[in-house]
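Hi,

Here is the structure I promised to pass on.

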Amino acid sequence: MKTLDQYNFAGKRAVVRVDFNVPLDADLRITDDTRIRMATPTIKKILSDGGSVVLLSHMGRPKGGPDQKNSLRNLVARLEQEYGTTVRFGGDVIGPEAAQLAANLQPGEILLLDNVRFYAEEEKGDAAFAEKLSTLGEVYVNDAFGAAHRKHASTAVMAQYFTPENRVAGYLLQSELDNAHRVLTNPEHPFTAIMGGAKISDKILIIEQLLDKVDYLIIGGGMAYTFAVAQGGRIGSSLLEADKVELAASLIEKAKQKGVQLVLPVDSMITDRFANDSDIEVAGNLDIPAGWMGLDIGPESRETFADIIRQSKTILWNGPMGVFEMSNFAVGTEFVARAIAEATANGAFSLIGGGDSAAAVNQLGFADQVSYISTGGGALLEYMEGKELPGVAALEGR
């Protein structure tokens, strides 16, 4: 796979697939610009070489064509601030306007085209659509790791319309792969993985992969209650995947067989209704009263998890410990984030696995105290599960 530093973009027009799927508030203002900032080194390398840039991205899941909320026009002012130059905008990715704007680009100039998902052909991986996109430039750069697990036209199909020497991995995509590869193949021990979030079903494959690699596997979040039922516990009205109880029991047994310390919560912060201002009590994780639900790990679990994390040399975290969006149920997630920051300060390598984990680390103020925050939750999970990422395979000519 050709990397950015192996390519001189002087006089070249690069079509760069980025992931600018950033969250917007009700006034269409960006609330988290991480994905924009992470792509900046790639854009600046191309421009500094004397190349020009055509930016392609998706945003949201638009249905039935263009709409204001999902238009990349909302990003132009922020991009101009980021790059310190004018960013031209084209509303139609494959129409004559886009073709003309791209053809007129001079070295050092940037063109942003609108949401590729305004076309149904994008998510279908339509070859004719991908071929039209490929005419926008002379070299294809994929820096959209967050969409690398999608076999869409702009992420996995259009690469075939460029010669192998003109398909290039951007800095962000390369760093994501390098950091994930480091954790998977060369971890320093003790290696601790922390899996949270709502459902075991979302994490089955990665948990099974990690059981061959880690020393400690910490389970938190909503998925912990399915494990509690597998242990014979009562969980009140806490989240339960009833059809995954046997699976949870089998994972507990597999961890024993492989000598992995599977660490489950022993207590929870429970409430009688799903609200931040509800009554809150502490209960044992295997003995939650009827009508009550666990929404965060409890005090004893926090301390146990934090102690293990602080002793670790490699840490992978994917998924919060509770409903961290509500301040009264964010304490467990904050404990984990703080412990990871402390371990990192003491020399550990910490990889935060995108999605809600990345949001939590940013929201809680620990973003600059961990080793790496992935921009791709789903893509990172699939890579670590051993699946081929179509966006990466396309760059490699597969």
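Where is Asp19 found? Asp19 sits in the loop between strand E2 (13-17) and helix H1 (34-49); helices (H or I, at least four residues) and strands (E, at least two) are DSSP runs, numbered from the N terminus.

Before going on, some housekeeping. This is a predicted model, where local features need pLDDT of at least 70 and side-chain atom pairs count only at pLDDT 80 or more, while totals for chains, interfaces and linings use all residues. Residues are numbered from 1 along each chain as its sequence is written, and side-chain values use heavy atoms, with hydrogens and water left out.

Back to Asp19: it counts as buried because its relative accessibility is 6% (buried means under 20% relative accessible area, with a 1.4 Å probe and protein chains only). Not counting residues up to four places away in sequence, Asp19 touches Arg35, Ser57, His58, Ala144, Gly146 and Ala147 (contact means heavy atoms within 4.5 Å). A polar atom of the Asp19 side chain also lies 3.1 Å from the backbone nitrogen of Asn21.

Phe20 is in the loop between E2 and H1 too, and is buried, with a relative accessible area of 0%.

Elsewhere, Met321 is placed in the loop between strand E16 (314-318) and helix H12 (331-345). Met321 counts as buried, at 2% relative accessibility. Met321 and Ile218 are 103 residues apart in sequence and 10.0 Å apart in space, C-alpha to C-alpha.

Cheers

Terms used. Buried < 20%, exposed > 50% of the residue type's maximum accessible area, 1.4 Å probe, protein only. Polar contact = N/O pair within 3.5 Å; in protein donor to acceptor, adjacent residues only side chain to side chain.
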